[in-house]
Amino acid sequence: FVEFIALIYLSYVKKKMQDAGLFTKWTLQGLLDELDSIELFESPEHGRLLGEVTQKQKDIYIALGVDPPSL
């Protein structure tokens, strides 16, 4: 069941990449690897702390029609 849900997710991301023309610069795996490096830390004293989001990552989110993460 989990694999089926993951396949749906990957198909959706691939479709969004095709619509945005991102396959000229990125492979599906390369795009996912680039976005994988965003980290979110949570601690009782400081709450949620978002790691650095690079300009390249922001550009990917915008191209996919998603608001870039920010806290």
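Helix α1 (residues 2–20) and helix α2 (residues 28–36) have axes that come within 11 Å of each other and cross at roughly 100°, where the axes are lines fitted to C-alpha atoms, for helices over the stretch in contact, and the angles run from 0 to 180 degrees between N-to-C directions. Helices here are DSSP runs of H or I with at least four residues, strands are runs of E with at least two, and both are numbered from the N terminus. The model is a predicted one, in which local features need pLDDT of at least 70 and side-chain atom pairs count only at pLDDT 80 or more, while totals for chains, interfaces and linings use all residues. Residues are numbered from 1 along each chain as its sequence is written, and side-chain values use heavy atoms, with hydrogens and water left out.

Two packed helices are described by the angle between their axes and the distance between the axes. The helices α1 and α2 are therefore roughly perpendicular to each other, a term that covers angles of 65 to 115 degrees, whereas angles under 35 count as roughly parallel, over 145 as roughly antiparallel and the rest as oblique. Where they meet, α1 contributes Leu-10, Val-13, Lys-14 and Met-17, and α2 contributes Leu-28, Leu-31 and Leu-32, contact meaning heavy atoms within 4.5 Å. By class, this contact has 6 nonpolar residues, no polar ones and 1 charged residue (Ala, Val, Leu, Ile, Met, Phe, Trp, Tyr, Cys and Pro count as nonpolar, Asp, Glu, Lys and Arg as charged, and the others, Gly among them, as polar).

Turning to α2 itself, its buried residues are Leu-31, Glu-34 and Leu-35, where buried means under 20% relative accessible area, exposed over 50%, and partly exposed in between, with a 1.4 Å probe and protein chains only. Seen down the axis of α2, these residues fall within an arc of 90°, so they line one face of the helix; the arc is that of the directions from the helix axis to the C-beta atoms. An α-helix has 3.6 residues a turn, so residues three or four places apart point the same way. The buried residues of α2 pack against both α1 and α3, while the face turned away from them carries the exposed residues Gln-29 and Asp-36.

Just after α3, Gly-65 takes a positive phi of about 80°.

The largest nonpolar core has 11 residues in all, among them Val-13, Leu-31, Leu-35 and Ile-60; such a core is a set of buried Ala, Val, Leu, Ile, Met, Phe, Trp, Tyr and Cys residues joined through side-chain atoms within 4.5 Å. Helices α1, α2 and α3 each supply at least two residues of this core. Leaving aside neighbours within four places in sequence, Leu-31 is in contact with Val-13, Met-17, Leu-22, Trp-26, Ile-60 and Leu-64. Ile-60, which is found in helix α3, is buried with a relative accessible area of 2%. Although Ile-60 and Leu-35 are 25 residues apart in sequence, they are 8.4 Å apart in space, C-alpha to C-alpha.
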